[in-house]
Amino acid sequence: MEKDCLFCKIINGEIPTEFLHKDDTIVVFRDIYPQAPVHLLIVPTTHIRSVNDLTDANRPILSEMMMTAKEMAKKEGVSASGYRVFVNVEKGGGQVIFHLHMHLVGGWK
Ligand SMILES: [Zn+2]
């Protein structure tokens with residue numbers, strides 16, 4: 001946990017948030033500034049700043065993130081129509097919150 005990290009505060013309950021999925025490794029909630037009809041954030045409960053900070057020990061977390069994305073796409077009804085999953089890395093890559101997270105966007109007509 002990082003004291004001043006927005007996502008750590010969401011994960012530890014300091015900021016009330018509706019979780020669409022929550023387990024020991026991953027939480028999922030909606031982006032407050034959605035860029036698509038469905039816009040979810042898939043966030044590891046472990047504070048990792050960005051892709052640049054990943055270590056070999058984090059491999060299982062990455063696997064869980066992608067598998068959770070797949071499951072959430074199904075739950076949100078965008079599996080068949082299609083969706084995007086992406087990760088922004090550092091400021092130049094569009095990362096705004098410096099706690100690793102994956103975007104899942106879809107649901108366009
Ligand atoms: Zn954090």
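A: Start with Val 105, which sits in strand β5, residues 102–106. Strands here are DSSP runs of E, at least two residues, and helices are runs of H or I, at least four, numbered from the N terminus. This is a predicted model: local features need pLDDT of at least 70, side-chain atom pairs count only at pLDDT 80 or more, and totals for chains, interfaces and linings use all residues. Residues are numbered from 1 along each chain as its sequence is written.

Q: Why is Val 105 called partly exposed?
A: Because it has 18 other C-beta atoms within 10 Å. Buried takes 20 or more within 10 Å, exposed 12 or fewer, and partly exposed is in between, with C-beta atoms placed from the backbone.

Q: What does Val 105 touch beyond four places away in sequence?
A: Gln 35, Ala 36, Val 38, His 39, Tyr 83 and Arg 84. Contact means C-beta atoms, placed from the backbone, within 7 Å.

Q: How far is Tyr 83, C-alpha to C-alpha, from Val 105?
A: 5.6 Å, although the two are 22 residues apart along the chain.

Q: Switching to α2. Which residues are buried there?
A: Met 65, Thr 68, Ala 69, Met 72 and Ala 73.

Q: Which exposed residues are on the face turned away?
A: Arg 59, Pro 60, Ser 63, Met 67, Lys 70 and Lys 74.

Definitions and conventions
Contact = placed C-beta atoms within 7 Å.
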